[in-house]
Amino acid sequence: MRMFMEVMTEQTFFKGLNYYIEDRYMKAATPDDLHRNLQRAWTEAYPSSSLNIGKVMHTWEDQAGYPMIQVQLHGNQVIFSQRRYPSSAGELYSVPLSIATKSRNQNFTEKTPKVWLHAGSATFLKSELDFTDGDWMVLNVQQVGYYRVDYDAALWQAIIEQLKTKHDEIHAINRAVLQDEIYLAWTDLNRVTAADCLDILSYF
């Protein structure tokens with residue numbers, strides 16, 4: 001629920017909750033009643049958006065677990081893919097991806113999604129994400145999303161170098177999460193080495 005509050009913004013989310021309370025006062029309710037009233041508030045705030053709140057929320061309400069998002073750089077593209085962590089039976093979630101990059105590190109205050117991942121994978125141009133070669137990229141700004149992140153080796157090296165050079169360019173909450181995620185990248189995913197896990201701590 002916290003994730004969807006950040007996706008919708010607090011003002012819009014609480015407006016939708018008020019609609020829901022007024023609509024179902026002293027009556028039985030289902031999840032779809034909540035979705036419908038959140039959608040009403042969302043559509044009023046963002047009339048040009050095609051986001052279906054109910055469809056998105058059902059992917060989280062009707063499936064257990066949470067996804068691991070993999071980020072890969074390929075030429076001028078960034079590829080996002082997902083699987084349920086730690087084991088998958090083909091579950092797919094509609095994942096709001098908030099993103100901060102070196103080129104636009106001020107967007108650590110922007111917790112609404114830059115893009116959505118509704119399918120197993122999706123490809124975006126680097127320019128669409130304000131990303132340039134050599135940048136670092138950090139997903140899940142301030143850890144408001146209910147998912148983990150697996151960066152490719154090049155992104156991990158860029159993140160490590162930024163922390164060693166000027167660590168406060170990356171938000172404190174994300175710095176803490178990165179310590180945990182690089183450990184997973186070593187022990188579970190073989191994405192980095194033990195030396196990288198120690199190296200990322202050196203800024204302390």
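Lys 126 is found in the loop between strand 6 (121-125) and strand 7, where helices (H or I, at least four residues) and strands (E, at least two) are DSSP runs numbered from the N terminus. The model is predicted, and local features need pLDDT of at least 70, side-chain atom pairs count only at pLDDT 80 or more, and totals for chains, interfaces and linings use all residues. Residues are numbered from 1 along each chain as its sequence is written, and side-chain values use heavy atoms, with hydrogens and water left out.

At 9% relative accessibility, Lys 126 counts as buried, a word that stands for under 20% relative accessible area, with exposed meaning over 50% and partly exposed in between (1.4 Å probe, protein chains only). Not counting residues up to four places away in sequence, Lys 126 touches Leu 73, Gly 75, Asn 76, Gln 77, Val 78, Phe 131 and Asp 133, contact being heavy atoms within 4.5 Å.

Another charged residue, Glu 91, lies in the loop between strand 2 and strand 3 (95-97), and it counts as buried because its relative accessibility is 14%. With residues up to four places away in sequence set aside, Glu 91 touches Gln 63, Gln 82 and Arg 84. Glu 91 and Thr 109 are 18 residues apart in sequence and 30 Å apart in space, C-alpha to C-alpha. The loop between strand 2 and strand 3 also holds Pro 86, and the peptide bond from Tyr 85 to Pro 86 is cis, with omega near 0 degrees.

| Residue | Phi | Relative accessibility |
|---|---|---|
| Asn 140 | near 65 degrees, positive | 1%, buried |
| Gln 143 | near 55 degrees, positive | 22%, partly exposed |

The largest nonpolar core has 53 residues, and those with the most contacts inside it are Phe 80, Met 137, Leu 139 and Tyr 151; such a core is a set of buried Ala, Val, Leu, Ile, Met, Phe, Trp, Tyr and Cys residues joined through side-chain atoms within 4.5 Å. Helix 5 (residues 153-166) gives the largest share of this core, 6 residues. Leaving aside neighbours within four places in sequence, Leu 139 is in contact with Ile 69, Val 71, Phe 80, Leu 97, Ser 98, Ile 99, Val 149, Tyr 151 and Asn 174.

Asn 174 belongs to helix 6, where it is buried together with Arg 175, Val 177, Leu 178, Gln 179, Glu 181, Ile 182, Leu 184 and Ala 185. Helix 6 (residues 172-187) has 16 residues and reaches 24 Å from its first C-alpha to its last, close to the 22 Å expected at 1.5 Å a residue, the expected span being 1.5 Å times one less than the number of residues. The buried residues of helix 6 pack against strand 1 (66-74), strand 2 (77-85), strand 7 (137-139), strand 8 (148-151), helix 5 and helix 7 (194-199).

The largest pocket has a volume of about 210 Å³. Of the 14 residues that line the largest pocket, the closest to its centre are Met 1, Met 3, Phe 4, Trp 60 and Tyr 146, and the elements that give two or more residues to the lining are helix 1 (2-8) and helix 4 (53-61). On a 1 Å grid over the protein atoms alone, a pocket is an open set of points where a 1.4 Å probe fits, with protein on both sides within 12 Å along at least five of seven lines, and lining residues have an atom within 4 Å of a point. Its volume is the space filled by probe spheres set on the points, which are joined across faces, edges and corners. The lining divides into 9 nonpolar, 2 polar and 3 charged residues, with Ala, Val, Leu, Ile, Met, Phe, Trp, Tyr, Cys and Pro counted as nonpolar, Asp, Glu, Lys and Arg as charged, and the others, Gly among them, as polar.
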